Amino acid sequence: MTVVLVGLLPAPRTFAQARPPSRGEKRREKAPEPAVVPHASIDVPLRTIDVRVTEKGFEPAQITLRKHERVRLVFTRETDKTCAKILRIDEFLVWNALPLNERFATTFTAGRAGEFPYTCPTGEIQGIIKVEDEPAAAAGASLHP
Ligand SMILES: [Cu+2]
């Protein structure tokens, strides 16, 4: 039997467009920036955010980050009564089991401003990661000290 897991894999564009344009090549279209970027420096402070998975859903259900902020999200599932036994964050390439009462951590650097949902496998239980643009004065400073 063949099982096709539709939607399991995030769109390849997430990592696909890191290649710099070669000289003389006209870029036809600007590809979107990736949602996650390599950790630019271990000196960038790491912010840890705890998320509980309860009967009400994700708590908190909204996380606000700045672009290029380095974060560790720590999920703890505290209920068996919802289908959020698996965590999806498609844009950040996360699809992980959440064992009951265990901590699951994912660490990344936000690469692009936007709104990125974190959900149960079916998408009914949802939270939103909001990544805000850096203030203009700080732009570039965090990546190129
Ligand atoms: Cu669900």
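Predicted model: local features only at pLDDT ≥ 70, side-chain atom pairs only at ≥ 80, totals over all residues.
Local features need pLDDT of at least 70 and side-chain atom pairs count only at pLDDT 80 or more, while totals for chains, interfaces and linings use all residues. Residues are numbered from 1 along each chain as its sequence is written.

Me: What makes β2 and β5 a pair of strands?
Reply: A strand is a DSSP run of E with at least two residues, numbered from the N terminus. Two strands pair if DSSP finds at least two bridges between them. Eight bridges join β2 (residues 46-54) to β5 (residues 70-77), so they pair, and they run parallel. Val53 stands opposite Arg77 in β5.

Me: Why do β1 and β3 stand at the edges?
Reply: The open sheet has the order β1-β8-β5-β2-β3, with mixed pairing. β1 (36-37) and β3 (57-59) each have a single partner strand, so one side of each lacks a neighbour in the sheet.

Me: What joins β6 to β7, and how do they run?
Reply: Four bridges join β6 (residues 86-89) to β7 (residues 94-97), and the two run antiparallel. Ile89 stands opposite Val94 in β7. Their hairpin has four residues between the strands, and Leu93 takes a positive phi near 60°.

Me: Which residues of the largest nonpolar core touch the most other members?
Reply: Such a core is a set of buried Ala, Val, Leu, Ile, Met, Phe, Trp, Tyr and Cys residues joined through C-beta atoms within 7 Å. Buried means that 20 or more other C-beta atoms lie within 10 Å of the residue's own, with C-beta atoms placed from the backbone. Of the 17 residues here, Leu65, Phe92, Phe108 and Tyr118 touch the most other members. β5 gives the most to this core, with three residues.

Key: Buried ≥ 20, exposed ≤ 12 C-beta atoms within 10 Å, placed from the backbone.
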